[in-house]
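Thank you all for coming. Please have a look at the sequence and the model, and then I will walk you through a few parts of the fold.

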Amino acid sequence: MENTRENKIYGHLIDENKRPLANLKVKASKYSFLKNKELGSSISDINGNFQIKYYTEPESYDKINIKLDILIDNEIIMSKSRENAADILDFEDLEINKGNIGIKGRIIDEKGNPVAGLAVVAEDVDFGKIKLNAMRLVESKVKSFVSSDMDLNGSLQFIKDKYKGLFFLEDDLLGHTITDDDGYYTILYPQNRYMEIADKEPDIRVIIKDKLGAFEILKTKVHENVKSTIKYMDDIVINRDRIDGWFPTLKNMSPSRLTTNNNFETLIDNEKALKKIVNSIDNAESYIHLTQFAFYPDFIPRFFEDEDTYKKDKPLVDKLLDAESRGAEVKIIINENMVIPDNYDELHNYFKDSNVSVRRFPARGPYAMHAKVLVVDGKEAFILGSPFSQSYWDTNQHLVNEPRRSEKNEGPVHDVSIYLNGEAIGYIEEFFIELWNYLSDLHFNGKDKILKNKSLNLKNTSKNDLNNTRYQNEKLKYNNEPLQIVRSITPRTVNDKGERGVLEAYRRAITNAEDFIYLENQYFTNKYIVSALKNALDHNPELQLIMVINEVPDVPSYRTWQHYGFQLMGMDLEKSVLDHPRIGIYSLWSGGFENGKNKLRHCYVHSKVAIVDDIWATIGSSNLDGSSLSCAEEFGSHDSSTNYLNMEMNALFFDFDKPERGTIKKFRQELWNEHLGTDISKYSRPENGWLDLWKKTVYENIEKLESEEINFYGDALPYSPKRNVEEQIKDLIEKYRRIKGRFNL
């Protein structure tokens, strides 16, 4: 416009030490007694400089009153004004010194190299101050996945009720960012993030999270009563092995409990696992060490076919008595719990007149001695999925009417265990010894401790060993299978802080996943796993997630939690699960139709399995819930979020050093053969990923289900959010009819 005049507003933002302040928003407004009019805005540059241009019409050439606002996240932190301002207005140095508004720092590795891509969180630590911000932060998160005010209010109340135990952990979030290519980070925040009734200056702690922003790597010390405008933090040094790679380190400099000289066998479904267990116990010569969640004296582990019936073998307790009579020392640790029913008394009474020793692990909350491990003579070991209860007995046929499962017959159960021999046994026995000796101190005045690990000599393998030709070619009787033992340890037991190695293993695997993540688990409620999966999918558009999960888990509140997790990951459970292009959630079913009547039942998923890209896998006792991985946050109390962590153990195995070995690929194929009812080895990876194969198969299953022409033997169907079998089947068929004819696989 020819007659308009260009006007400029300049300035330079500095702190109390005259250092420039970058990345602050500066907004200029024309103000009068009646109203304000925004003229423009700018962001201060690296030198703290800003410039705002605006134009005035001829009738507005008169001098005006200018107000300048400095903002962070649209919150005003300081204002300046000038009356009768000229067309070129220089605010000169604007010193911001009304309190702390940010932190700056750098993250480097042990060699001084910058660490890029890490999430950095600044928080105001609660030292007994009155906090008002927690639900305001929650509300902003909840709004992102609800569709109405009613949904919002209901969701907020749900979070208040269910997550109230977490808020004591969540100090005031000041802000977060990602380290740049040079390892630097800057976090700016308005003072109202920390200025509450009794909190005029922040007590700042920095939390470093992994590259997915889900798992905590490190916390700094707390810097109390910070007054400076920008707090310049000392360099944070993080060992590179704590950030990168597949091997958990437990915050140390090298992988923990990693060995290479092993054999192992994956045991899918409990008939196969129990036959192997009985054989090991029947041949025990020296000792048997067992930890179990539950062990019923009437449990029958093995059956023999006798014409049209099944002949029972001895109960497992009698197998152990036989071993003890042969001179084998038998020691058992079993869960005792105030919250979860246990059978310690029953088992203890059964063995009280023998030399079999039974010790209880006392759990005083929503956690347990949940690790199920067996070591025989230091030569063989098992990590088991199931307790020794008849209701868990099943074959890979997963028949609805299975007489060997017990008279009560609670339904088919799918589970996975692992058998090992080799160096890794030493770390399994290490767990038993640590726990046994802890119980000696707790209940027996230090008596009857185990003084020596009799298993194979422990050799913790380094990453260099894995790449060392000489080491890999040692002439041992094992197949050089790399295997790592990871654990969850209840705080204040065998060590004070506990241990979260299983959680670290999942963190690393999810971070490194490129093609697919396959999860087969009893529960799906852990907030860190949900967050990591969501962020991994967001960061990698090629990544797919395939899950096999229970529609009705045996902890009633967990169903709500897993639906909440699905929503956060972007699943719309009101639509067909088959609609999502990158996430597939499935459950297992057995039965069919007899005389036109529905005889379908859930096949309960009890396994704790994960596979990533056919190069990483885990089998063990750890569920994907708080109790197994982090702490029992789902149960909402201070103790549950700090001390309530199960005893757990998982085995990790790898094929990335020798992909041609194909151990994990074969394991995946065996699992998927069972769930999809077809020989997976005949299929190449579909062009659009393995999820297409699952969609195609379960779509065909629903088609047959709709026409009542199918029998299931632990086969997969899409997940349904409905509450019971009848509603779920109806829901699946209705959704199938809606997509029929348009769903192109």
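Accessible areas here come from the Shrake-Rupley method with a 1.4 Å probe, and for residues only the protein chains shown count as cover. On that basis the protein chain exposes about 33100 Å², of which carbon and sulfur atoms supply 45%. Please keep in mind that this is a predicted model, in which local features need pLDDT of at least 70 and side-chain atom pairs count only at pLDDT 80 or more, while totals for chains, interfaces and linings use all residues. Residues are numbered from 1 along each chain as its sequence is written, and side-chain values use heavy atoms, with hydrogens and water left out.

The protein chain has 15 helices and 39 strands, where helices (H or I, at least four residues) and strands (E, at least two) are DSSP runs numbered from the N terminus. Of its 745 residues, 57% count as buried, a word that stands for under 20% relative accessible area, with exposed over 50% and partly exposed in between (1.4 Å probe, protein chains only).

Let me turn to a pair of helices. The axes of α14 (residues 691-706) and α15 (residues 725-739) come within 10 Å and cross at roughly 110 degrees; axes are lines fitted to C-alpha atoms, for helices over the stretch in contact, and angles run from 0 to 180 degrees between N-to-C directions. The two helices are therefore roughly perpendicular to each other, since angles under 35 degrees count as roughly parallel, over 145 as roughly antiparallel, 65 to 115 as roughly perpendicular and the rest as oblique. On the α14 side the contact is made by Tyr699, Ile702, Glu703, Leu705 and Glu706, and on the α15 side by Ile729, Leu732, Ile733, Tyr736, Arg737 and Ile739, with contact meaning heavy atoms within 4.5 Å.

A second pair is α4 (residues 316-325) and α5 (residues 344-351), whose axes come within 11 Å and cross at roughly 40 degrees. That angle makes α4 oblique to α5. Here Val317, Asp318, Leu320 and Leu321 of α4 meet Leu347, Tyr350 and Phe351 of α5.

Finally, which strand holds Val605? Val605 lies in strand β35 (residues 604-605), and this valine is buried, with a relative accessible area of 0%. Val605 and Val548 are 57 residues apart in sequence, yet 7.6 Å apart in space, C-alpha to C-alpha. Leaving out residues up to four places away in sequence, Val605 touches several others, including His414, Glu520, Val548 and Leu588.
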